[in-house]
Amino acid sequence: MDKLSLDHIYRASHVLKNVIRQTNLIKTSINGEDIYLKPENLQVTGSFKVRGAGYMISQLSEDERKKGVIACSAGNHAQGVALAARTYGIPATICLPAGAPISKVEATRSYGAEICLVPGVYDDAYRYALKLKEERGMAFVHPFDNPLVIAGQGTIGLEILDELPEVDQVVVPIGGGGLASGVAYAIKQLSPGVKVFGVQAEGAPSMFNSVRDGELETLPKVHTIADGIAVKEPGELTYQLCSTMLDGIVTVSEDEICTAILHLMESRKIIAEGAGAVAVAAVLFGKIDCGGKKTVCIVSGGNIDVNFLNRIVSRGLEMSGRKCRLVIEMPDKPGELYTISKAIAELGANITAVNHERTASTEDVTSCVLTVSMETRNRQHCEQIQQELVRMGYKLTDF
């Protein structure tokens, strides 16, 4: 198949019934609006990627199946290919950069794939995978720029329309564009009035830039905690589909992504990785108008490194005003620390750390610097505390 069709998406939906897990919509509320989450983080591999990989592998000929499949990925696509190949009894080789997280390497290995660690970065692993493909005659499972892969991802669009026929708009993460292309194609073919918006990280806006400028562009570098969508260059097919099918693409910052991860954890007890949270981030921070509209956000994955989760949660707390840090210049005399602590306590904040520094440089040589970290309700609460301390005569600094 060299073109995408609705028939292939329907066929993929049937074929994948024995491969994927049903992910029913979860109703929640964001900024007072009803929002529905499509929790693909609950897939067997923790990501939607198994859909596209599963459908492409299912369509291989008998001869291709004997030779096996090869893929290159440092994350979700690798696990999707490995699981799909095991399901169909096909040998799989996955090339990963040598520096890939051990947890992801071992997760991929657990599905029975042969792991090939390649020195260097993703691009080095990709080139080596293409070399092995030619040498061994294996089928290459592209992470996004393949009609069969896109058709598999498009099954998400069918499921959304089946479960919520009255949906007004769908918000989709974009990396290389396979998910957005498939979902937008399926929805626009069946319900042209439904809007589909894409979301990228500010640190990896390859599709955003390409669609804006009207030509396929390659970023010199990408930098984002949403590693699942950190793609330098979109695919040719996905670029064509996204530029014609999407109603718009927006970007979200790192702080906004962290806040969305925290929001999902607290409000719905859902663990999302950075890429999986960008759709929710776009809605949470008003990048997409959801007023009075039934909106579905696709939570595309939940494979987040637990060692990294604490930092993300901490950043999300700071962004939302749940953690507040003040640097206060105060007179170096008895009772001042008590006075400040008492004022903060009376305003309902919980002090979690205090650092008293007498040697810090201040305009007043008789003053010292107090750094106070506290738990607060929101940004307004933090501002209220700042205003009260200023009213009491203290100077807030930014050392």
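Modeller: By salt bridge I mean a side-chain nitrogen of Lys or Arg within 4 Å of a carboxyl oxygen of Asp or Glu. Please note that this is a predicted model, in which local features need pLDDT of at least 70 and side-chain atom pairs count only at pLDDT 80 or more, while totals for chains, interfaces and linings use all residues. Residues are numbered from 1 along each chain as its sequence is written, and side-chain values use heavy atoms, with hydrogens and water left out.

Colleague: Where do Glu346 and Lys342 lie?

Modeller: Both belong to helix 14 (residues 336–346), 4 residues apart, which is about one turn of the helix. Helices (H or I, at least four residues) and strands (E, at least two) are DSSP runs, numbered from the N terminus.

Colleague: How many salt bridges does the whole structure contain?

Modeller: A search of the whole structure finds 19. One of them joins the side chains of Glu159 and Arg51, at 2.9 Å from N to O. This pair links distant parts of the chain, with Glu159 in helix 7 (residues 147–163) and Arg51 in helix 2 (residues 49–58), 108 residues apart. Both Glu159 and Arg51 are buried. They also take part in a network of salt bridges that links Lys38, Glu40, Arg51 and Glu159. A further salt bridge is formed by the side chains of Asp289 and Lys293, at 3.4 Å from N to O. There, Asp289 is exposed, with a relative accessible area of 52%, and Lys293 is partly exposed at 28%.

Colleague: Let us turn to the cysteines. How many disulfides does the structure hold?

Modeller: In general, a disulfide is a covalent bond between the sulfur atoms of two cysteines. The criterion applied here is a pair of cysteine sulfur atoms within 2.5 Å. The structure holds 1 disulfide, which joins Cys324 to Cys382 with an S to S distance of 2.0 Å. The pair links distant parts of the chain: Cys324 is in strand 11 (residues 323–331) and Cys382 in helix 15 (residues 379–391), 58 residues apart. Cys324 is buried, with a relative accessible area of 4%, and Cys382 is buried as well, at 10%.

Colleague: At what angle do helix 11 and helix 13 pack?

Modeller: Axes are lines fitted to C-alpha atoms, for helices over the stretch in contact, and angles run from 0 to 180 degrees between N-to-C directions. Helix 11 (residues 254–268) and helix 13 (residues 306–319) pack at about 100°, with their axes 8 Å apart. The two helices are therefore roughly perpendicular to each other, where angles under 35 degrees count as roughly parallel, over 145 as roughly antiparallel, 65 to 115 as roughly perpendicular and the rest as oblique.

Colleague: Which residues of helix 10 are buried?

Modeller: In helix 10 (residues 236–245), they are Thr238, Tyr239, Leu241, Cys242 and Met245. The buried residues of this helix pack against helix 7, helix 8 (178–190) and helix 9 (206–213). Val211 is found in helix 9 and is partly exposed, at 29% relative accessibility. Leaving aside its neighbours within four places in sequence, Val211 is in contact with Tyr239, Ser243 and Ile249.

Terms used:
Buried means under 20% relative accessible area, exposed over 50%, partly exposed in between (1.4 Å probe, protein chains only). Contact means heavy atoms within 4.5 Å.
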